[in-house]
Amino acid sequence: MPRTDVMKQKGLTLVDAINEALEQEMHRDSRVVLLGEDVGANGGVFRVTEGLQKIFGKDRVIDTPLAESGIMGTAIGLAMAGMRPIPEIQFDGFLGPAYDQLTNHAARYRTRTRGAITIPLTVRVPVGGGIHAPELHSDSPEAIYAHTPGLKVVMPCTPVDAKGLLTSAIRDPDPVVFFEPKRVYRSFREEVPEEEYTIPIGHAKVVSEGTDLTVITWGASVFECLAAIDKLPEDVSVELIDLRTIYPIDLDTIVQSVQKTGRCVIVHEAPKTSGFGAEISSLIQEHCFLNLKAPVQRVAGFDTVMPYYKLELDYLPDSKRIAESVTQTLAY
Amino acid sequence: MPKKSVYKAEIEYLQVMDEQGVIDAAQSRNTLSDEEILELFKFMQQCRQLDEIAFKLQRSGRMGTYPQNKGQEAAAIGTAYAAKKGQDFLVPCYRENAALFMHGLPMHYVLLHWMGDERGNQIPEGVQQLPLCIPIGTQMLHATGIAWAFKMRKEPKVALTYFGDGATSEGDFHEAMNFASVFQVPCVFICQNNQWAISVPRETQMRSKTVAQKALAYEMPTYQVDGNDLLGVYKIAKECIDRARGGGGPSFIEAVTYRLADHTTADDARRYRDQKEVDAWLGRDPLIRLRKYLETKDLWDETKQKAAEERNKAIVAEVVKTAEGIEKPSFDDIFDFTFAALNPELEKQKRTARTSSLGQDPTQVGLASGEPVHQ
Ligand SMILES: Cc1ncc(C[n+]2csc(CCOP(=O)(O)OP(=O)(O)O)c2C)c(N)n1
Ligand SMILES: [Mg+2]
């Protein structure tokens with residue numbers, strides 16, 4: 001689809017960028033098919049697949065029956081048989097019925113067949129809270145899938161990163177869970193290269209350089225962290241890292257930064273206990289022990305069920321909580 | 001050896017009152033009296049008023065996403081009226097508010113739910129139902145388990161579970177049907193086939209000509225009924241519920257109805273469905289035919305209609321006031337219902353409103369008081 005005037009003048013939203021990556025990959029590779037609930041005629045409930053059925057037809061942009069296990073399981077079959085399926089799960093909470101297929105099958109086939117059968121699929125899932133959605137529409141389950149050997153887990157939060165990482169995910173020979181922070185879907189625009197490009201999976205991004213403390217985060221929390229950094233005194237120099245890929249983790253970027261700063265705060269929406277912050281904290285302890293000037297801190301969701309929306313902003317780590325944690329870590 | 005037929009089946013479609021409000025005399029025997037029809041009609045109007053106001057609350061930013069029930073009330077009311085309030089158990093999805101209200105759920109609970117307040121799910125003592133269920137097609141297994149418990153304890157109770165046409169594509173639906181059938185539990189499966197699952201029409205959702213035929217695979221008595229016909233729905237539901245109560249096992253009802261509104265307030269159905277189709281169904285609205293019927297019986301007229309509208313407006317305004325008058329849930333609410341008792345870590349997170357260990361334990365950062373920094 002040609003870019004609209006708004007896109008030309010103001011850039012692309014996250015939704016636009018994902019849509020463009022899907023379109024370009026579908027043009028490039030006829031094996032790529034999209035399948036999911038409402039992805040066709042309706043263009044997805046977030047309009048991420050808007051217009052694609054018109055271009056590629058109902059055989060490549062497929063409205064499936066309402067069955068997540070069915071979507072994931074048949075996508076596995078399609079992938080095995082040489083297609084490049086991109087199943088969409090409508091919301092984070094509905095990964096539940098697909099869990100068995102994704103973790104016990106997609107993730108394991110390469111291993112259990114010693115590479116004879118591989119599953120090149122990209123699962124797209126809107127993720128995270130903050131949009132006043134109903135129950136099970138606001139969860140952040142990335143740690144569950146990062147903990148599943150055989151899956152790659154990606155969560156970009158900017159249009160440029162989303163386009164490049166999605167393109168990499170689609171071309172990747174293994175299953176990739178591609179989480180899209182829905183709170184950021186339309187929250188801002190930025191200039192995105194029109195031609196296709198890739199950003200390699202497994203590379204974090206240093207959003208801003210600093211020397212006093214490292215903040216590590218991903219997804220919509222990147223913007224809360226930026227707001228938190230704004231709240232700090234000007235002479236405080238924070239290095240902000242957007243992980244972008246959860247697994248495989250970019251250890252080098254993290255270690256280099258924390259060896260420099262000696263202090264680290266990790267921020268994520270998911271519950272603290274067994275959240276991915278725990279893994280990062282542990283890695284820092286293993287690799288930067290002698291550089292640490294303060295205990296590594298986690299600012300995360302509470303160890304509770306994600307509350308209904310009247311309380312969701314009390315649940316999600318906000319700039320105030322993050323800034324306070326940064327201040328305390330600096331003062332340690 | 002000659003081939004022989006090993007299975008034959010047929011599914012009947014029932015309609016007792018047609019779109020014009022005309023009743024089939026033979027079919028209507030032992031259904032509802034005129035007095036009952038009048039009462040249920042009034043109740044249906046009240047539920048419709050709530051539904052319209054809920055829509056407006058969302059549009060004016062006073063409530064979150066809301067799925068309108070408009071046009072599907074006969075399926076909810078006909079089945080719920082056939083069940084025993086306070087005894088039988090309702091397991092809903094989210095498009096049968098009227099059934100829940102009929103069995104004792106205060107109306108403002110549904111508003112609270114969609115206002116993002118979990119207290120809308122805290123079903124009052126004695127009300128036999130589960131809260132609304134957002135994940136599609138999952139609740140029928142719970143209904144089967146509940147019915148199974150009734151059977152184990154030899155209680156004369158029945159579970160009724162509601163779900164949409166789309167939900168019958170989920171694996172859990174089929175597992176629920178199979179369990180209910182294998183263990184012959186007193187459960188009535190009620191599919192509100194409103195022709196759409198968000199943007200996916202029934203014909204794309206399944207190749208089956210009817211939803212009802214899915215129950216044949218589980219050897220369940222199964223029926224298709226005009227879901228906008230209160231009497232027809234009631235008649236079949238009564239038969240199914242009586243049979244279940246008497247130990248005759250589960251049944252399946254496909255109530256053929258139509259989603260007159262968008263899927264939810266977050267949806268725009270004009271993107272995927274033809275307005276002509278909607279218009280055709282507008283005339284089959286359950287309220288229209290009931291009113292026609294009652295008018296021919298001289299039980300309803302324009303004056304009564306006006307009075308009812310005023311009354312319903314007042315009732316629903318009061319419901320909205322109640323829902324909006326309830327203050328925001330407290331921060332502690334996030335924690336207090338996670339377990340029967342909070343463990344030390346949760347206790348600490350709640351007390352400090354922190355997950356970062358320094359924030360939880362200020363003595364570590366040299367804040368002598370040890371008091372949490374957060375107020
Ligand atoms: C497990 C699960 N998958 C997807 C969704 C998103 N979703 C919400 S309603 C809906 C369609 C439901 O259609 P149907 O069962 O026919 O019920 P209706 O809304 O028409 O009453 C979908 C796909 C969900 N809530 N739960
Ligand atoms: Mg439906």
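Modeller: Start with a rule. A salt bridge needs a side-chain nitrogen of Lys or Arg within 4 Å of a carboxyl oxygen of Asp or Glu. Keep in mind that this is a predicted model.

Colleague: Why is the pair Asp161(A) and Lys205(A) called a salt bridge?

Modeller: The N to O distance between the two side chains is 2.7 Å. The limit is 4 Å, with Lys giving the nitrogen and Asp the carboxyl oxygen, so the pair qualifies. The count between domain 1 of chain A and domain 2 of chain A is two salt bridges.

Colleague: Where do domain 1 and domain 2 of chain A run?

Modeller: Domain 1 covers 4–184 and domain 2 covers 205–331. Their C-alpha centres are 27 Å apart.

Colleague: How do you know that domain 1 of chain A is in contact with domain 2 of chain A?

Modeller: Contact asks for heavy atoms within 4.5 Å. By that test, 26 residues of domain 1 are in contact with 25 residues of domain 2.

Colleague: What makes up the area buried between domain 1 and domain 2 of chain A?

Modeller: The area is about 2100 Å², and carbon and sulfur atoms give 59% of it. On the domain 1 side, His132(A), Met155(A) and Arg183(A) lose the most area, together 24% of what that side buries.

Colleague: How many residue pairs are in polar contact between domain 1 and domain 2 of chain A?

Modeller: There are 11, with both residues at pLDDT 80 or more. On the domain 1 side, the elements giving two or more residues are α7 (142–146), β5 (152–154) and α8 (159–171) of chain A. By class, that side has 13 nonpolar, seven polar and six charged residues.

Key:
Residues numbered from 1 in each chain as written. Chains lettered and ligands numbered in written order. Predicted model: local features only at pLDDT ≥ 70, side-chain atom pairs only at ≥ 80, totals over all residues. Heavy atoms only, no water. Domains from an automatic or database assignment. Buried area = accessible area lost by both parts, 1.4 Å probe. Polar contact = N/O pair within 3.5 Å; in protein donor to acceptor, adjacent residues only side chain to side chain. Helix = DSSP H or I, 4+ residues; strand = E, 2+ residues; numbered from the N terminus. Nonpolar A, V, L, I, M, F, W, Y, C, P; charged D, E, K, R; others polar.
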